Amino acid sequence: FIMEISGPKITLKHLKINNDGTLSFAYFSKALTGAYMKSSITQIERRFDLSSTHIGLIDGSFEMGNLLFLAAVSHFGAKLHRPRLIAVGCFLMAVGAFLTGLTHFFMGRCNTSLPHQTSVTFALCVVAACVRESSSNMWIYVFLGNALRGIGETPVTPLGISYIDDFSKAENSPFYIACLQTITLLGPMFGFLLGSYCAKLYVDIGYVDMESVTITPRDSRWVGAWWMGFFVSSVLLLTSSIPFWFLPRSLKLGQKRSVATTTSTSQKSLKVHRNTFSMRIKVVIFFVFVYVCTECLCAGFLPSLKRLVGTPAYFLLLCGSILKFNSFIGMFTFKAKYMEQQFGQSASRANFLIGVLNLPAVAVGIFLGGLLMKRYKLSVVSGAQLSFATSFLAYLLLLLQFGTKCDNLPVAGLTISYNGTPGISYNREMLFSECNSDCSCSAEEWDPVCSDSGITYISPCLAGCLTSSGHGKHTLFHNCSCVSESYPPGSSMSVRLGQCPHAKSCSRSFTSYMAISVLSSFINSLGATPGYMVIIRCIAPELKSLALGIQAMVTRTLGGIPAPVYFGALIDSTCLKWSIKKCGGRGACRMYDSDMFIFLGLITCLSGSAYFFIIAVIVLLRRQFQKSDGETATQKPKSSREIELQVPSDPPDATNASNDPPNQSQAPKV
């Protein structure tokens, strides 16, 4: 490819095709990296022992870095060498992804299993903390790497599409952009599949004996090899940046290239002088431009912004978009976590199902929505109604997901008492009972064991176990005094490592949840394209660019940054058992209250509030177009009446016309 575009026989057609291919690969790579970051949220949370609030802050750092330079790059980027700016952006994204993955090697190894200490009176599992005291703030590097990736993404989207559109024929530009968007949709799917694969692998794979690891991927302490995917993403982004360094500033220059071009020495000297003079002129123009922009800001931009915000339909649609975008970002960030906590799925399986089922349904829905818009040539009002109908139907399906929840796992001292009575407890003292009062157990430990009765105990010590047998994952604990309190006499008093699985009814609920989720995603995406077209058509043509820019900036500022943070904070409020860091302080949550897990409730409230604004937009558009249709209808009879009045005043006989001049002079006035 590099040889082709650097050779003398390059043509404009080859450049356009290659440019579209390189842009598609860059878009694919950045979409894959963003989706992989979402899929690794749980792994990063456990590796750095963070709360969901901190994870939301890390996730929002991408939008912070992106919005920091978005306006400047979008405005000045078109005046510079756009391919090289895109190359710089891809390189920065590669560095950001590499820095995020490199953080793993700055930390110590993740020790989640040590030999179980056994004595004649109690058996206590001591779990070493995953974060060393000296590396407790290493998550800041992940924050900075994600922010750097956001900065690098800034020039890719606006400059890439404009580069294609400017140097393509009008009939070919939609095809090139459609190919670009289609390939981009594959990025999130492969990103979640990559996250699924890496979540299966242990974080210190290659450094530890896997037989010594006593936990499974379904355990809340399991940490997958999250860092591997960021290195893969970094390589893809770095590769995608290489071709852009060799693309010309303008594709039209390719038409003027010839195979054999000779330039004399005098022409070269003249060219150097011209370039020097041109550079000086550009510097002067730049300072004049800055001065003019400063002086004319209030006279140009602010009145346009005031006029745009003063458009009722656009303002209401913007408010609805902010609420919808908040619900979407919160759902997309913590959907895999919800599937883990609510249905007992592993992070690997949750990411796999999202990548294979949900995202392809969204892609098909967006495509069919645009096809419907083109096939039936929907008006602005019809497009708004279609967007509202599909979105509201998806909202009703979302309400059905409340019936697919699973009950809390029976955990002694948390969701059930030691004698088997159900009840949620946030009291630390409820973890102790008469059966384990003589064991000197620690309430901070989380090394769950499962009894044959289906009740989970936080640790072998709190289960009152005295002896153990076996090794590694096959370790069994015997003579557990607390097990006898909630199980019939004469039954087994042994427990095994790990949490008890959910009931079989939970598997059926999960199947129903996924079916509703996929169907809801498909129906909701059907109205995405019509809703986008409503924004463009409900305002004056000269304000379209400003309207789309303001919408992107406001929704990402008020949705992309705060939504993960407050979603994470509200999720943290339902935590029943926190881990404790080695140097003290609250770490990651080990278990949530499924009945109070407000993930779906928050999404429902945000989406439901948005429909008030959308309904108001439809009402306004109907009135607006009915009024315009009424004015058109009144103008038609008026014009026909004018014709009738003019016919008798313009007789075909020229003699009559000359004999009656007053009628002739009055005819134009009528």
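The following legends describe close-up views of a predicted model of a protein chain.

**View 1. Overall composition of the protein chain.** The secondary structure of the chain amounts to 20 helices and nine strands. Of its 670 residues, 47% count as buried. Among contacts with a separation of 6 or more, 78% are accounted for by residues 24 or more positions apart.

**View 2. Packing of helix α12 against helix α14.** Helix α12 comprises residues 347-375 and helix α14 residues 504-526; their axes lie 7 Å apart at an angle of about 30 degrees. Because angles under 35 degrees count as roughly parallel, α12 is described as roughly parallel to α14. The crossing of the two helices, α12 and α14, is right-handed.

**View 3. Residues at the contact of α12 with α14.** On the α12 side, the contact is formed by Arg349, Leu353, Leu357, Asn358, Ala361, Val362, Val364, Gly365, Ile366, Leu368 and Gly369. Helix α14 contributes Phe510, Met514, Ser517, Val518, Ser521, Phe522, Ser525 and Leu526. By class, the residues of this contact comprise 12 nonpolar, six polar and one charged.

**View 4. The largest nonpolar core and Leu621.** This core contains 53 residues, of which Leu308, Tyr314, Met339, Phe599 and Leu621 touch the most other members. Leaving aside residues up to four places away in sequence, Leu621 touches Ala313, Val380, Val381, Ala384, Val534 and Cys538.

Definitions and conventions. Residues are numbered from 1 along each chain as its sequence is written. This is a predicted model: local features need pLDDT of at least 70, side-chain atom pairs count only at pLDDT 80 or more; totals for chains, interfaces and linings use all residues. Side-chain values use heavy atoms; hydrogens and water are left out. Axes are lines fitted to C-alpha atoms, for helices over the stretch in contact, and angles run from 0 to 180 degrees between N-to-C directions. Helices (H or I, at least four residues) and strands (E, at least two) are DSSP runs, numbered from the N terminus. Angles under 35 degrees count as roughly parallel, over 145 as roughly antiparallel, 65 to 115 as roughly perpendicular and the rest as oblique. A crossing is left-handed if the near helix is turned anticlockwise from the far one by less than a right angle, and right-handed if clockwise. Contact means heavy atoms within 4.5 Å. Ala, Val, Leu, Ile, Met, Phe, Trp, Tyr, Cys and Pro count as nonpolar, Asp, Glu, Lys and Arg as charged, and the others, Gly among them, as polar. A nonpolar core is a set of buried Ala, Val, Leu, Ile, Met, Phe, Trp, Tyr and Cys residues joined through side-chain atoms within 4.5 Å. Buried means under 20% relative accessible area, exposed over 50%, partly exposed in between (1.4 Å probe, protein chains only).
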